[in-house]
Amino acid sequence: MIIDTLAKFRVVLCLLSLVMVTSCGGKVKIQETGLDAWNQAMDSGHDAVILRRYSVAETNYQEALRIAILRNDARRIGEAGYNLAVVELSGGYPDKALKQIDRTEALLSLRSDHSMERELALVKAAAFYRLGQDQSALETALPFASARDPAGQHACLVAGLAAFRLGDMTSLEHVSNILAEVKHAPSDMLLADRMELQALEKLRTDAVDALHLAERVADLRRKYGDFRGMERALRLAASAADLAGQGAMAQSLKDQAEQSLKADKEGTPEAGVSEEL
């Protein structure tokens with residue numbers, strides 16, 4: 001989830017060399033030129049993400065971050081630093097993403113700006129999860145779990161996934177109940193998050209129901225191009241099928257998950273942008 005910056009804080013979970021232009025009089029217009037260059041770097045980064053050219057996107061977001069630091073612009077430091085971390089995570093480098101989050105947080109703290117604390121924490125939690133540091137992922141995401149908005153709802157998913165791997169069913173049930181509190185009609189992605197946590201809860205008690213839920217989650221993840229999430233749901237469905245005594249189906253689902261993972265790593269043309277989880 002790369003978020004839009006100003007009018008276009010960029011979306012992707014998912015996820016920077018300053019060109020100084022002189023005026024006719026030879027004076028450098030730092031503010032205008034810097035901002036134009038920042039916008040161009042952010043736009044180029046977004047376009048590269050859509051094409052899954054993560055290394056190119058990383059370079060553009062590094063440029064945007066450098067320009068923001070030059071301008072001493074806390075808001076844009078946060079936006080560029082966030083996008084850079086998400087791209088590193090989506091590109092398969094959660095360790096780099098963690099370091100980038102730490103750097104961005106330090107840059108913002110120096111400027112007494114805490115406006116992106118939650119967004120940065122969620123990327124950090126997702127990176128911990130990808131690294132298998134589930135306790136850290138749970139502890140980082142859980143304080144931000146909320147039904148109020150998409151960020152809080154995404155925190156529920158990260159915390160729930162980590163809790164399940166830790167065997168912490170109490171925390172899993174807690175965040176699953178939070179998602180159930182969403183009053184308005186849920187989006188398809190929120191519905192997928194909610195059903196995935198429900199499937200994890202039911203895996204040991206009602207494998208058949210867990211299987212049906214996981215299959216629906218896989219369909220929704222595929223529909224919106226979250227192929228990493230789809231692969232995770234296919235593996236969950238395989239586990240449920242196995243527990244339900246449907247060995248052949250379980251193997252088929254595992255094979256599908258492996259093929260999806262392989263295609264994601266190869267960056268096939270039909271593959272979309274992976275979410276940070």
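At what angle do H5 and helix H7 (residues 150-166) pack, and how far apart are their axes? They pack at an angle of about 25 degrees, with their axes 10 Å apart. The structure is a predicted model, in which local features need pLDDT of at least 70 and side-chain atom pairs count only at pLDDT 80 or more, while totals for chains, interfaces and linings use all residues. Residues are numbered from 1 along each chain as its sequence is written, and side-chain values use heavy atoms, with hydrogens and water left out.

**Overall composition**

- The chain has 12 helices and zero strands; helices (H or I, at least four residues) and strands (E, at least two) are DSSP runs, numbered from the N terminus.
- Of the 277 residues in the chain, 52% are buried, where buried means under 20% relative accessible area, exposed means over 50%, and partly exposed lies in between (1.4 Å probe, protein chains only).

**Helix H5 and helix H7**

- H5 and H7 are roughly parallel to each other; angles under 35 degrees count as roughly parallel, over 145 as roughly antiparallel, 65 to 115 as roughly perpendicular and the rest as oblique.
- Axes are lines fitted to C-alpha atoms, for helices over the stretch in contact, and angles run from 0 to 180 degrees between N-to-C directions.
- The crossing of H5 and H7 is left-handed, a term for a near helix turned anticlockwise from the far one by less than a right angle, with clockwise giving right-handed.
- On the H5 side the contact (heavy atoms within 4.5 Å) is made by Arg118, Leu122, Ala125, Ala126 and Tyr129, and on the H7 side by Ala151, Gly152, Ala155, Val158, Leu161, Ala162 and Arg165.
- This contact of H5 with H7 has nine nonpolar, one polar and two charged residues; Ala, Val, Leu, Ile, Met, Phe, Trp, Tyr, Cys and Pro count as nonpolar, Asp, Glu, Lys and Arg as charged, and the others, Gly among them, as polar.

**Helix H5 and helix H6**

- Helix H5 (residues 117-130) packs with helix H6 (residues 134-141) at an angle of about 160 degrees, and their axes are 7 Å apart.
- H5 and H6 are therefore roughly antiparallel to each other, and H5 passes H6 in a left-handed crossing.
- Ala121, Lys124, Ala125, Phe128 and Tyr129 in H5 meet Asp134, Ser136, Ala137, Thr140 and Ala141 in H6.
- The residues of this contact of H5 with H6 comprise six nonpolar, two polar and two charged.

**Helix H3**

- In helix H3 (residues 74-90), 16 of the 17 residues are buried, so H3 is largely enclosed by the rest of the structure.
- H3 is followed by Gly92, which has a positive phi near 95 degrees.

**Individual buried residues**

- Gly45 belongs to helix H1 (residues 30-50) and counts as buried at 0% relative accessibility.
- The C-alpha atoms of Gly45 and Asn60 are separated by 5.1 Å, although these residues are 15 residues apart along the chain.
- Not counting residues up to four places away in sequence, Gly45 touches Ala57, Asn60 and Tyr61.
- Arg221, found in helix H10 (residues 207-223), counts as buried at 1% relative accessibility.
- Leaving aside neighbours within four places in sequence, Arg221 is in contact with Leu157, Met189, Ala192, Asp193, Glu196, Asp226, Gly229, Met230 and Arg232.
- Ser260 lies in helix H12 (residues 247-266) and, at 13% relative accessibility, counts as buried.
- Ser260 is in contact with Phe227, Met230 and Glu231, leaving aside its neighbours within four places in sequence.
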